[in-house]
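Subject: Structure handover, helix packing

Hello,

Here is the structure for your files.

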Amino acid sequence: MKNEYDVLIIGGGPGGALAAKTCAEKGLSVCIIEKRPAIGVPVRCAEGIGEDLIGEFFDELNPKWISEKIKGAKLISPDGSSFYLSPEMAGNEVGYVLDRKFFDRDLIWLAVESGAECYVKARAVDAIMEDGVVKGAVIEYFGEKKEIRAKVVIAADGVESKFSRYCGVDTTVPLRELETCAQYLMTDIDIEPGITVFYVGREVSPEGYIWIFPKGDRTANVGIGISGTQSKDSSRAKDYLDKYVKKNFPDGKIIELIVGGVSVCKPLECTVADNLIIVGDAARLSDPITGGGIYNAMYTGRLAGEVASECIRSNDCSKEKLMKYDTTWRSSRMGKALERNYQIKEIFVKLSDAQLNSVLNSVNNLVMKEFSTLTLIKEIIKTNPRLVKELSGLRKFFE
Ligand SMILES: Cc1cc2nc3c(=O)[nH]c(=O)nc-3n(C[C@H](O)[C@H](O)[C@H](O)COP(=O)(O)OP(=O)(O)OC[C@H]3O[C@@H](n4cnc5c(N)ncnc54)[C@H](O)[C@@H]3O)c2cc1C
């Protein structure tokens, strides 16, 4: 490990890996540090991603990255009725349940093949700051402290991100908007292959949802996310999950448990500073409705790599120059979706279970030519005149 690189990347998740690969391909010297002893494990994710989204990065997917191809979805209302998205309707919402143990590792491998250096068990414990400007990171590597300097530091340290805070950026997530999650990898359970299932409602999962994401024969990620402040009797996410599992999969076998957090707040007000770019979950870029953030991390990681390379070439890595990264992602399809989905989430979390039943039952018999979250929301607005007041805030997104 050297003391100086063009680009230092904190975190070896999908955001960090794409940033590293992009910078290395452009001929820069790149160092990725990852605090865990292995890339990709433990997997803190339900591993779902849309086909079109992952297709933006790869012409062909390595079969070992994929646990299951998803062709449809079911949404279960609080009253138990279900809204089924057939494979024909699912259209652009089909996708994959990945195997991130392999996927994340291979993303780093691609970065290393392109010339990046990667060090595991290397944790950033502070920022090197000079005159208020980021110059690198202090890291702990196998018990020793070391300083690494860089022209640009990319903070890709996930939802638990501390690095940007070390640099003076306020990254606080309001407690209500930090979903706490628990997930079992379960086997020996009766599930429909290729169909993801989502349960919503205050009783089952306050301000969140339960998911079943199939991962091969009678096996699935069965998980839950709940708002940080809305649980009953201080029940934890795992308590809600256990209740669900006991009722629905009493004979299933639990072979893994993970817990983690997902932010469903607005993105950081600004995702750059002098010599610093913040990507993926560290920038609070997971989707406020679904909590999904693999694509957003990959997209912003790649963009950060491109903008950092340009700025390093032009010898100017000031906040002003790096702002190109911030303005580009905000005006992208992803940025617009984040803004819209935040407003939609804010409205939906306020609906009672009775209102949710009414909303979801109203779309139950719809035949949509092409499904997307957007078309579903449009239909909900059209078919729920009684909820016009609650839903009126959504109109601006569809006019
Ligand atoms: C239960 C759960 C289910 C989810 N399900 C889905 C899903 O189905 N689909 C989806 O798209 N998204 C899902 N997500 C979100 C998804 O996992 C994240 O959005 C995605 O991993 C973000 O990638 P990232 O690179 O920004 O951060 P991460 O993947 O979190 O990577 C950050 C890395 O930085 C490392 N790190 C942290 N601090 C330091 C430090 N100081 N020094 C060095 N390294 C550090 C961490 O160890 C980690 O490896 C889920 C999340 C949870 C918790």
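A crossing of two helices is called left-handed if the near helix is turned anticlockwise from the far one by less than a right angle, and right-handed if it is turned clockwise. By that rule, the crossing of helix 7 and helix 8 is right-handed. Please keep in mind that this is a predicted model.

Two packed helices are described by the angle between their axes and the distance between the axes. For helix 7 (residues 294-313) and helix 8 (residues 319-331), the angle is about 155° and the axes are 9 Å apart. Angles over 145 degrees count as roughly antiparallel, so helix 7 and helix 8 are roughly antiparallel to each other. On the helix 7 side, the contact is made by Thr300, Leu303, Ala304, Val307 and Cys311. Helix 8 contributes Lys321, Leu322, Lys324, Tyr325, Thr328 and Trp329. Sorted by class, this contact has 7 nonpolar, 2 polar and 2 charged residues.

The other pair is helix 1 (residues 14-25) and helix 4 (residues 100-113), whose axes come within 8 Å and cross at roughly 20°. An angle under 35 degrees counts as roughly parallel, and helix 1 and helix 4 are therefore roughly parallel to each other. Their crossing is left-handed. From helix 1, the residues Pro14, Ala17, Leu18, Ala20, Lys21 and Ala24 meet Asp104, Leu107, Ile108, Leu110 and Ala111 of helix 4. The contact of helix 1 with helix 4 divides into 9 nonpolar and 2 charged residues, with no polar ones.

Regards

Note on methods. Residues numbered from 1 in each chain as written. Predicted model: local features only at pLDDT ≥ 70, side-chain atom pairs only at ≥ 80, totals over all residues. Axes fitted to C-alpha atoms, helices over the stretch in contact; angles between N-to-C directions. Helix = DSSP H or I, 4+ residues; strand = E, 2+ residues; numbered from the N terminus. Parallel < 35°, antiparallel > 145°, perpendicular 65-115°, else oblique. Contact = placed C-beta atoms within 7 Å. Nonpolar A, V, L, I, M, F, W, Y, C, P; charged D, E, K, R; others polar.
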